[in-house]
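Here's a quick briefing on the salt bridges in this model. Have a look at the structure first, then read on.

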Amino acid sequence: MPGPVTFLGAADTPCCGEPTFRAQFIPNVTVNGIPVSCQTHLNTPHRWIGAACKAPHTAPIALGSTRVKVMGLGLGRVFDPLIACTFVAMGSPNVIDHSL
């Protein structure tokens, strides 16, 4: 799905009310001077608030861009899903990946 490119520190959709942010990145590829976050990169630790588990956890981008790769990883974009969590919510306002 096309979308703005995400980066270190960008927000993900809150998981059970806790804010989460992109924590991992590619250090030598930037968007507006900030390192990009890609497929398999984790967000900040946060807690499940539901009854199933309250242990802190992190979640990686499940699948980034299928056409734009950074060091072999799919470039992360707004609305890319996170494994067993939510999805990327924030990206660059002026750097868009138009591929699927």
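Buried here means under 20% relative accessible area, exposed means over 50%, and partly exposed is in between, using a 1.4 Å probe and protein chains only. This is a predicted model, so local features need pLDDT of at least 70, side-chain atom pairs count only at pLDDT 80 or more, and totals for chains, interfaces and linings use all residues. Residues are numbered from 1 along each chain as its sequence is written, and side-chain values use heavy atoms, with hydrogens and water left out.

A salt bridge is a side-chain nitrogen of Lys or Arg within 4 Å of a carboxyl oxygen of Asp or Glu. That rule gives three salt bridges.

**The R22 pair**

- R22 bridges to D12, with 2.9 Å between the closest N and O atoms.
- R22 sits in the loop between β3 (18-21) and β4 (26-31) while D12 is in strand β2 (residues 11-15), so the pair ties together parts 10 residues apart in sequence. Strands are DSSP runs of E, at least two residues, numbered from the N terminus.
- R22 is buried at a relative accessible area of 1%, and D12 is buried too, at 3%.

- R77 pairs with D80, the closest N and O atoms being 2.9 Å apart.
- D80 is buried, with 3% relative accessible area, and R77 is buried with 2%.
- R77 also bridges to D97, at 3.4 Å between the closest N and O atoms.
- D97 lies in strand β10 (residues 96-97) and R77 in the loop between β9 (73-74) and β10, so this pair ties together parts 20 residues apart in sequence.
- Through shared partners, salt bridges join R77, D80 and D97 into one network.

Conventions. Helices (H or I, at least four residues) and strands (E, at least two) are DSSP runs, numbered from the N terminus.
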